[in-house]
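Please read them with the structure open.

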Amino acid sequence: MKIRTLKKRIYNVVSDAVDHVYLDPEVKDSDKKIEDLLDAYDSAIEKANSARALKDSREIKAHFRDLKSEFNGQIAKILG
């Protein structure tokens, strides 16, 4: 996977989560959740950009795999 594709996927997940928080009337502390989502987005993009320093494709794939699982966990924790 390319960095560009990973960034697009991260953006789509965060935008869907923000829409969910805004549109669901049962969500409490929506402002805090949105701030947490944006912080998770920023950290994920920084970690995705750090993959440019890696040279081996196996290292890059492992880095992206770890990043995706960590990011999805963060989003689930914030929304759950």
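1. In α1, the buried residues are I3, L6, I10, V14, A17, V18 and V21. Around the axis they cover an arc of only 100 degrees, which puts them on the same side of α1. Buried here means under 20% relative accessible area, exposed over 50% and partly exposed in between, with a 1.4 Å probe and protein chains only. The arc is that of the directions from the helix axis to the C-beta atoms.

2. This is a predicted model, in which local features need pLDDT of at least 70 and side-chain atom pairs count only at pLDDT 80 or more, while totals for chains, interfaces and linings use all residues. Residues are numbered from 1 along each chain as its sequence is written, and side-chain values use heavy atoms, with hydrogens and water left out.

3. R4, K8, D16, Y22 and L23 are exposed on the other side of α1. The cover over the buried residues of α1 includes α2 and α3. Helices (H or I, at least four residues) and strands (E, at least two) are DSSP runs, numbered from the N terminus.

4. The length of α1 agrees with expectation: at 1.5 Å a residue its 21 residues should span 30 Å, and its end C-alpha atoms are 30 Å apart. The expected span is 1.5 Å times one less than the number of residues. Helix α2 (residues 30-49) also agrees, with 20 residues that should span 28 Å and end C-alpha atoms 28 Å apart.

5. Which residues of α2 are buried? They are K33, I34, L37, A40, A44, I45 and A48. Seen down the axis of α2, these fall within an arc of 130 degrees, so they line one face of the helix. D31, K32, E35, D39 and E46, on the other side of α2, are exposed. The buried residues of α2 pack against α1 (3-23) and α3 (57-79).

6. The axes of α2 and α3 cross at roughly 175 degrees and come within 10 Å. That makes α2 roughly antiparallel to α3. Axes are lines fitted to C-alpha atoms, for helices over the stretch in contact, and angles run from 0 to 180 degrees between N-to-C directions. Angles under 35 degrees count as roughly parallel, over 145 as roughly antiparallel, 65 to 115 as roughly perpendicular and the rest as oblique.

7. Residues of α2 that meet α3 include L37, Y41 and A44, and those on the α3 side include L67, F71 and I75. The residues of this contact of α2 with α3 divide into 11 nonpolar, three polar and four charged. Contact means heavy atoms within 4.5 Å. Ala, Val, Leu, Ile, Met, Phe, Trp, Tyr, Cys and Pro count as nonpolar, Asp, Glu, Lys and Arg as charged, and the others, Gly among them, as polar.

8. For α1 and α3, the packing angle is about 5 degrees and the axes are 11 Å apart. That makes α1 roughly parallel to α3. Their contact residues divide into 12 nonpolar, one polar and two charged.

9. A44 has 1% relative accessibility and so counts as buried; leaving aside its neighbours within four places in sequence, A44 is in contact with I10, L67 and F71. N49 is partly exposed at a relative accessible area of 29%, and N49 touches I3 and K7, not counting residues up to four places away in sequence. N49 and R4 are 45 residues apart in sequence but 9.6 Å apart in space, C-alpha to C-alpha.
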